[in-house]
Amino acid sequence: MMKGGKGWTVAVRSPDGEIHVKREPLSEVPGIFRLPIIRGFIALFAAMFIGVKAIEFSAGKAYEGEGEDLSPAAMAFTILLSILLGIGLFLLLPLYATKLLGILVPAISNSSFLFNLVDGIIRVFLFITYIVSIGMWKEMRRIFEYHGAEHKVIHAYENGKDLSIHNIKTHSPLHPRCGTSFLLIVMIISIFTFSFIPQGWSFIYKFLSRLVLIPLIAGLSYEFLKLSAKMKHNALMHLLIQPGLLLQRLTTREPDESQIEVAVKALEEVLTIENAHV
């Protein structure tokens, strides 16, 4: 899948070897939603919405069925379920586990920073465990290969190289603007942001306050990700983005040539949309 400023595309190879493409334009975002911080939260939900539509299309083509488009209600339910699962696994569970550890180790409960540091470490551990676990699934490993193909193609394009298989294969499957890096940034920033929550608050207030702070954390993380892409040659920034690139080694794999061809097709289609709006 590829996304530009004016539209997005998804390309998938069906069992008969043909590459099918779905492309859609993007509506212009109102001015207030393009402001720093706010745009990050909006971009997060837009990515979830587009992701569901892309998966729906690719699954239909992969199984040689045109299928029916998801209704708005089904789309909303899918996104809501994903959000609830994410909140339960990466917010509620780490918070409760930290509360239990605080009973065993009083120092954790007595320090807001230490409490949230432990909470954040547990959250990162659960996330890495989740990624490693799904990476053992054969189908998911293939998805990670396509993920690597996307990054290689984008690297070649951003470096002004011709989009030939030979040129693309020389590039890294890791990219600083990857969603995997974004999620890690979210987890790190959340440690510091949650530290401002009063330690004396009850468990339910701590949990609800974390939910309220999600838009702010997503916005701050988005701004850092954009800044890191602009300053990627800065020595300090290069050091700061290394954990995200290291984590991408779990979510990307070296693609084969057929997968690179699909990624190239997706990029060419999104460039068509962009050029049509110039």
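Accessible areas come from the Shrake-Rupley method with a 1.4 Å probe, and for residues only the protein chains shown count as cover. On that basis the protein exposes about 15700 Å², and carbon and sulfur atoms supply 68% of this area. The model is a predicted one, in which local features need pLDDT of at least 70 and side-chain atom pairs count only at pLDDT 80 or more, while totals for chains, interfaces and linings use all residues. Residues are numbered from 1 along each chain as its sequence is written, and side-chain values use heavy atoms, with hydrogens and water left out.

**Overall form**

The C-alpha trace of the protein spans about 60 × 45 × 45 Å along its principal axes. The radius of gyration, taken over C-alpha atoms, is compared with a globule rule of 2.2 Å times the number of residues to the power 0.38. For 278 residues, a compact globule would have a value near 19 Å, and the 20 Å of the protein agrees with that. Of the 278 residues, 39% count as buried; buried means under 20% relative accessible area, exposed means over 50%, and partly exposed lies in between (1.4 Å probe, protein chains only).

A contact means heavy atoms within 4.5 Å. Among contacts with a separation of 6 or more, 69% come from residues 24 or more positions apart. The protein has 26 positive and 23 negative side chains, and the centres of the two sets lie 10 Å apart. Here Lys and Arg count as positive and Asp and Glu as negative, with His and the chain ends not counted. The place of a charge is taken as NZ of Lys, CZ of Arg, CG of Asp or CD of Glu.

**Helices and strands**

The protein contains 11 helices and 3 strands. Helices (H or I, at least four residues) and strands (E, at least two) are DSSP runs, numbered from the N terminus. Along the sequence the pattern is β-β-β-α-α-α-α-α-α-α-α-α-α-α.

The 3 strands form an open sheet in the order β1-β2-β3, with antiparallel pairing. β1 (2-3) and β3 (19-25) stand at the edges with a single partner strand each, so one side of each has no neighbour in the sheet. Two strands pair if DSSP finds at least two bridges between them. The table sets out the two pairings.

| Strands | Sense | Bridges |
|---|---|---|
| β1 and β2 (residues 7-13) | antiparallel | 2 bridges |
| β2 and β3 | antiparallel | 7 bridges |

A hairpin of 3 residues joins β1 to β2, and K3 has W8 in β2 as its bridge partner. The hairpin of β2 and β3 has 5 residues between the strands, and G17 in this hairpin takes a positive phi near 95°. V10 has K22 in β3 as its bridge partner. In β2, 6 of the 7 residues are buried, so this strand is largely enclosed by the rest of the structure.

**Two residues beyond the sheet**

I37 lies in the loop between β3 and α1 (38-62). I37 has a positive phi of about 75° although it is not a glycine. Its relative accessible area of 27% makes I37 partly exposed.

K99 is placed in helix α2 (residues 72-104). K99 is also partly exposed, with a relative accessible area of 37%. Not counting residues up to four places away in sequence, K99 touches F115 and F203. The C-alpha atoms of K99 and V118 are separated by 9.8 Å, with the two residues 19 apart along the chain.
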